[in-house]
Amino acid sequence: MYMKHLTSITCRLLLVSLLAVSASVPASAQRTQAAGFDDDWVFWGYPAVYLNYQAKMAYPLIDKMLQAYPPAVETDKHRQLALVTLDQFLHDADYYRRDAFYPFVNVRMARMLDAMDETVLSGVRVYKLYNSGFILKTLKTTVAIDIVPGGENYKALLTDSVIGEIADRCDILLVTNSDSKHANRKVANAFVEAGKKVIVPKGLWSNLGETVVATGEAGVDEGIDLGAMTLHILPGHNGNVRNNVYIMDFKGRGIVAHTGAQDNNSDWEWIDRIHDQYNIDILLTKSQNIYLDAMLKGFQPRLVITSHENEMESTVDRRESYWTTQKRMKSLAELGIPNVVMTWGEAFDYADSESKNISSSANKVLIDGHIYIERKGSIYTPSGIKVK
Amino acid sequence: MKRTIFTALVLMSVAFSSTAQTSSENPYANNYIYWGYLADYKLGQASSAFTAIDDMLQTYPPQIDIALPREMALVSLDQLLHDTDNDQTEPFYTFINARMERVLKDLDRPVEKGLRIYKMYNDGFIIKSKKATVAIDVIPGGSDSKPFIKDSIIFGICDKCDALFLSHCHPDHVNLRIAKSFAARGKRVIAPKDWWVGVDPMIQPIEVENKIVDIEFGELDLTLHVLPGHQGDVYNNINVVEFHGEGTVAQTGDQWGTQDLEWIDHVHESYDIDILMPNCWINDMERHLRGFGAKMLITGHENELGEHSIDHREAYWITMKKMEQLAELNMPNVLMTWGEWYEYQR
């Protein structure tokens, strides 16, 4: 005890003597050059470099979180955090200057391409691509819709190589309308070169090649039989521009509708009644739509997957975000239509299985304006709660 | 027909709103569409993000091994706090005050053994033992006219503390209103040399140049050792607080200067420090860690939103990177943000 005390006193004396000696040493140190940020992590005077590094830190984390918490009907709070964080980074006006942005997209696309090689045994697997782009894969066919590379203002988000790989893995490309957010000639060419069919609205790319089928006569449901899928093309519009609304009937595996850039008041008359004619499982539709409720009521799908979020060509205020989609869908909860919020490169399985809440084998019924699921004589809410 | 009327109304609203665009004029607000209303969009985004972050941080509280969701939350918070559009906005105030309100409430929960460390705004900490609750460098942030933390919360917190120790005279570490609130309740405030001289007998500037001052707080069962640090030429008290039998913490304020490094190298020979609380941007972190030889580390000063430009709003992810680089020291660290607490036992 005594020795310990003595040692302590000795140390204190040494410390105090050192204090006296060192008091006159001048202060120093401010960063003088821009190099070596990875060594000291000091960014004073370099805000742009700081933000670039922050993005480099965040994008891989977001990617990891999204993998850990994949798309689901009930958005998990972990996933929600990842999505709203992604929104923050994608609403940075200088997003394209961040080194980590393009690798983030590329790694997700590469992962998606790998996953596309897996067989889908039941139902429909939905892959979300940039903007309004989707790929639908079943056991027997793979359909691409509105695939665009994006990045018109700066650099393409989907590289030529990715586009080529997608074309190789798909059987057909559907294009809803001529707007560059939905249609891209390079993508269509890749499909044509791969010997795949491309279906586009009438008048678009008439000189592209023989495999392009121009369609969409007003009031005509052409009902094209493409083997593993029957394609119904409905004559929608974006303003005065033709917008094909596609209904893809995968013959017992699910029926999926894609509305492209549908936006025309004259079309509501038939959209309001679409559910009378088609038993839609999944509606793929743009989230940023003041008439989203009417769209949902018209199609009455069992599930909605939104699109068009974070279209990087738009100004920040018009760049739809995942959090606004979530808010909007929450505000439409009374419709009882489940939704899945997906981001680039993700997959969601719409399974043909009664073990799932959402099942293409169940029947939809409309009671008091709300959609319910009828299964084996019982009535369920779309989220699986038995009501009768 | 209804839709046509609605569209016409929308168009009219847009035309009228072109001069002054505020949230009340956004015809799409109920649809969460913000075309032409960037500020409103940013507010909505910040609100959603702060809420999600707060939720996640509560689910994954501070611990030595940081979980992926907590890491995500902290980096998300960094992004929000490095976007100056979010400065002094309602979502920010809501976030920080909700977290501080939890501290206010939790301070009523007794500590049976060891120490509970509360992280406050900037470099502020509150350390609670069974017998004492000590505040160090606690400030409300913002300005006196519009503080980040509401008076009702920050002064409520101060009411639950027994003493206030201050490192140096910079306004991101000291606040006269806070100091006076301690003094008014007969609680001692230990301030740096020459600071607030004569303001109140309970506010005691300490002369520590080239020496160490030990102050006993018998009723609190603790000893304060004030070490003579500097930030440049400014006196910076390094407060080593020994909670007898429970643990010893050292808060280094804005210690910065090579003139002190030689004696700092030997601090561990004199004090058995459990927790070192340096500011996250301290010069030569490694040398300080070796010098204090603490059992664990909790950094302070991240995301100071005051006068600093974003390049010097030190981010949580930067602290993580620095800690990764110092992993070989095997010093556990707990990365905390505002309004969190961590239980420490020897």
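Let's start with a helix pair in chain B of this predicted model: α2(B) and α3(B) pack at an angle of about 150 degrees, and their axes are 9 Å apart. Angles over 145 degrees count as roughly antiparallel, and therefore that is how α2(B) and α3(B) lie relative to each other. As for handedness, α2(B) passes α3(B) in a left-handed crossing.

Who actually meets whom here? From α2(B) come Ala46(B), Ala49(B), Phe50(B), Ile53(B), Met56(B), Leu57(B) and Thr59(B), and they meet Pro69(B), Arg70(B), Ala73(B), Ser76(B), Leu77(B) and Leu80(B) of α3(B). Sorted by type, the residues of this contact come out as 10 nonpolar, 2 polar and 1 charged.

Now follow the chain on to α4(B), residues 90-106. This helix has 17 residues and reaches 24 Å from its first C-alpha to its last, close to the 24 Å expected at 1.5 Å a residue. Its buried residues are Phe92(B), Phe95(B), Ile96(B), Asn97(B), Arg99(B), Met100(B), Val103(B) and Leu104(B). An α-helix has 3.6 residues a turn, so residues three or four places apart point the same way. What do the buried residues of α4(B) pack against? They pack against α2 (38-59), β1 (115-119) and α5 (151-159) of chain B.

Finally, step out to the partner chain: 58 residues of chain B are in contact with 57 residues of chain A. Elements giving two or more residues to chain B's side include α1 (2-16), α2, α3 (68-81) and β8 (222-231). The largest share, 10 residues, comes from α3(B). By type, chain B's side divides into 26 nonpolar, 20 polar and 12 charged residues.

Technical notes. Residues numbered from 1 in each chain as written. Chains lettered and ligands numbered in written order. Predicted model: local features only at pLDDT ≥ 70, side-chain atom pairs only at ≥ 80, totals over all residues. Helix = DSSP H or I, 4+ residues; strand = E, 2+ residues; numbered from the N terminus. Expected span 1.5 Å × (residues − 1). Buried ≥ 20, exposed ≤ 12 C-beta atoms within 10 Å, placed from the backbone. Contact = placed C-beta atoms within 7 Å. Nonpolar A, V, L, I, M, F, W, Y, C, P; charged D, E, K, R; others polar. Axes fitted to C-alpha atoms, helices over the stretch in contact; angles between N-to-C directions. Parallel < 35°, antiparallel > 145°, perpendicular 65-115°, else oblique. Left-handed = near helix turned anticlockwise from the far one by under 90°.
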